[in-house]
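Thanks for passing this one along. Here are a few notes to read beside the model, beginning with a single side chain and then stepping back to the whole chain.

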Amino acid sequence: MSPLDPTDVPALLAYDRAHVWHPYTSMTDPSPVRVVESAAGVRLRLAGGQEVVDGMASWWSAVHGYAVPELDAALADQAGRMSHVMFGGLTHAPAVRLAERLVSISPDGLEHVFLADSGSVSVEVALKMALQAQRGRGRPGRSRMLTVRGGYHGDTAGCMAVCDPEGGMHSMFAGVLPQQVFADRPPAATATDAEVESWAAGVRRLAEEHAHELAGIVVEPLLQGAGGMWTYPPACLRVLREVADEHDLVLVLDEVATGLGRTGTMFACEAAGVVPDVLCLGKALTGGYLTLAAVLCTSRVAHDLSASESGVLMHGPTFMGNPLACAVALASLELLETRGWAADVARVSDGLAAGLAPLRDAAGVVDVRVLGAVGAVQLDHAVDVPRATQAALDAGVWLRPFRDLVYVMPPYVTSQADVALVCGGVAEAVTVA
Ligand SMILES: *Cc1c(COP(=O)(O)O)cnc(C)c1O
């Protein structure tokens, strides 16, 4: 068999359609895909030559855009030294320097770093930390997690168990997963104090009832992403911190999507003045170059879990601390700082707020939400994804709607004009969706 010609687009698409799985797709009735030939700046170049602005930043990750000279250089430099070595019994400058950087930029108290290979794995590790910490505290019966409805934490088994139990993508696995404890979804970011208080009362009741069997709480702070792009008031996060303290639960904040500036602060929890016991980072960590995630925890959690019967944190993936990923993550964090990420995110945020506001009055739209460099338009019906995708492409924008949502999280470096273009693409998608 001759290898496929990389320039033979129809042949690539045919083989792809017959043999290659894409996220959340069927092999018997695959949805259409497009071939990307290259990407630079905030644009993807599709086969055939069309260039479109990436409104998705490759699912929250490509915050600096594509073919970023600083990141390319960091990667090439590291590849010249070593691409990978095992992390068991060995260490290296890229991992140690990245850990130092993460400890220094994260909220005070988070001192210890586990370098995981994806967001889902980071959540698995965080859940394990909570469980092991409780065992170390002499409470082996505390093995369940409290979370809120509407969440998304990844696709592996432990993560699926804390995703939204109904709307989530994983409801069919309900019977085989550990049964976790679900509080109501927090009220909308625009909620009144009374609405926050009524939600809080429910959470407090639930925590009280289950405290004897709870190891921790896990939530996405301020913005629930793939569970529905729901925003909620900072006060709700403070309630969860209080509840965790009251019952000695480990508070895990999953900032895989929100972390590293996306919501307007370096970490979303900072906007609420909340410091977690365990923090998960991922997606944007390498600027979208390679898969890497990090779990940070407090010294108390690290100490307590080390007192559990195994004496160690029971996790150690093959590609833990991959040097290429660490080197490019370090370069990406440096670039966030030198470029001034906060001003970039504020500019994108203003552009999304202005550009999406008119859609509030569009037919079929029930809500428009903007938080930091994230915009979501919620419809009163499921999006016709192929039609909406094509309409956005015709407007020069790459979007990937899901469920009842047309949403965007462009690279931070997207110019004002390109943010306006992205909003135009959203409007076209909403019209045909
Ligand atoms: C994407 C995401 C994950 C899973 O990360 P992967 O790298 O896809 O495994 C976990 N939590 C949140 C909040 C996410 O948005």
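**Notes on Q378 and the overall fold**

1. The side chains of Q378 and D404 are joined by a polar contact of 3.1 Å. Please keep in mind that this is a predicted model.

2. Where does Q378 sit in the secondary structure? Q378 belongs to strand β14, which covers residues 374–379.

3. Is Q378 buried or exposed? Its relative accessible area is 11%, and the cut-off for buried is under 20%, so Q378 counts as buried. In the protein as a whole, 52% of the 433 residues are buried.

4. For a sense of distance, take C269, which lies 109 residues from Q378 along the chain: their C-alpha atoms are 24 Å apart.

5. Stepping back, the protein has 13 helices and 16 strands. Its radius of gyration is 22 Å, close to the 22 Å given by the globule rule for 433 residues, so the protein is as compact as a globular protein of that length. Along the principal axes, the C-alpha atoms fill a box of roughly 60 × 55 × 45 Å.

6. Among contacts with a separation of 6 or more, 71% are between residues 24 or more positions apart.

7. The protein carries 29 positive and 48 negative charges, and their mean positions are 2 Å apart.

Technical notes: Residues are numbered from 1 along each chain as its sequence is written. This is a predicted model: local features need pLDDT of at least 70, side-chain atom pairs count only at pLDDT 80 or more; totals for chains, interfaces and linings use all residues. Side-chain values use heavy atoms; hydrogens and water are left out. Helices (H or I, at least four residues) and strands (E, at least two) are DSSP runs, numbered from the N terminus. The radius of gyration is taken over C-alpha atoms; the globule rule is 2.2 Å times the number of residues to the power 0.38. Buried means under 20% relative accessible area, exposed over 50%, partly exposed in between (1.4 Å probe, protein chains only). Contact means heavy atoms within 4.5 Å. Lys and Arg count as positive and Asp and Glu as negative; His and the chain ends are not counted. The place of a charge is taken as NZ of Lys, CZ of Arg, CG of Asp or CD of Glu. A polar contact is a pair of N or O atoms within 3.5 Å; within protein, one must be able to donate a hydrogen and the other to accept it, and residues adjacent in sequence count only if both atoms are side-chain atoms.
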